[in-house]
Amino acid sequence: MCQEQRHVPPASKRWRRLLYNHSHEAQSNERGVVFASFYAFQGYSEVESTSISISLLMHPPYWSQFLTAHQLVHTEVSIPEEVDLSELGIDLKFYDAGESRVEMEKFYPGLVVGADGFVAVACCTTGSGDPYFINIHDGADGPLYRIYHDEVALDSYDRTRAVTIVLSNYTDVLEFV
């Protein structure tokens, strides 16, 4: 999302057909509108389809509460090298839930690492293209990870090379807001 030149896999035939058939309902580029159209197409009411589409967004409840409580959505944060456990330093911008979903469904490394519980939560603002993640298996107050997009192949990755912890507890980012 923040890095324009990452590989975008082609949409499935079903998804393209859905977009084509319901393009009049999806005037904006927001994923929720498209999902609402899909569920409306499946026979759900407009209210039901909107609820379903919102519930399908990527953020776990504890992360959504963290973002909301500290007003972090779209906030840019810089973390110095001496604090970053990978010793590179961090410049990131937090995603909203829809942006996280797009990152996980359309871009690498999200397409591959999601199966292991990683959820994209922020993008690099300095141009590396390496998104930042939490992992749902860690639960609330788990680490913040950087996953090197160039270490993730089309269907696999070596976790020891691709994944690095940048903060042992994602709440530590609040020191730099």
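Biologist: Which residue in β2 is the bridge partner of I79?

Modeller: Keep in mind that this is a predicted model. Strand β1 covers residues 76–79 and pairs with β2 in the antiparallel sense, over four bridges. I79 has its bridge partner in β2, and that partner is I90.

Biologist: Which residues form the covered face of strand β2?

Modeller: In a regular strand, side chains alternate between the two faces of the sheet. Strand β2 spans residues 90–94, and its uncovered face holds D91 and K93. The covered face is made of I90, L92 and F94.

Biologist: Which residue in β3 does K93 stand opposite?

Modeller: Strand β3, residues 118–124, runs antiparallel to β2, and three bridges join them. K93 belongs to the uncovered face of β2. In β3, K93 stands opposite C123.

Biologist: Is T164 buried or exposed?

Modeller: T164 lies in strand β6, residues 163–167. Leaving out residues up to four places away in sequence, T164 touches S86, L144, Y145, R146 and Y148. Its relative accessibility is 17%. The cut-off for buried is under 20%, so T164 counts as buried.

Biologist: With which side chain does the side chain of N169 make a polar contact?

Modeller: N169 sits in the segment after β6. Leaving out residues up to four places away in sequence, N169 touches D141, G142 and P143. A polar atom of the N169 side chain lies 3.3 Å from the backbone oxygen of D141. The side-chain partner, at 2.5 Å, is T171.

Definitions and conventions. Residues are numbered from 1 along each chain as its sequence is written. This is a predicted model: local features need pLDDT of at least 70, side-chain atom pairs count only at pLDDT 80 or more; totals for chains, interfaces and linings use all residues. Side-chain values use heavy atoms; hydrogens and water are left out. Buried means under 20% relative accessible area, exposed over 50%, partly exposed in between (1.4 Å probe, protein chains only). Helices (H or I, at least four residues) and strands (E, at least two) are DSSP runs, numbered from the N terminus. Two strands pair if DSSP finds at least two bridges between them. Contact means heavy atoms within 4.5 Å. A polar contact is a pair of N or O atoms within 3.5 Å; within protein, one must be able to donate a hydrogen and the other to accept it, and residues adjacent in sequence count only if both atoms are side-chain atoms.
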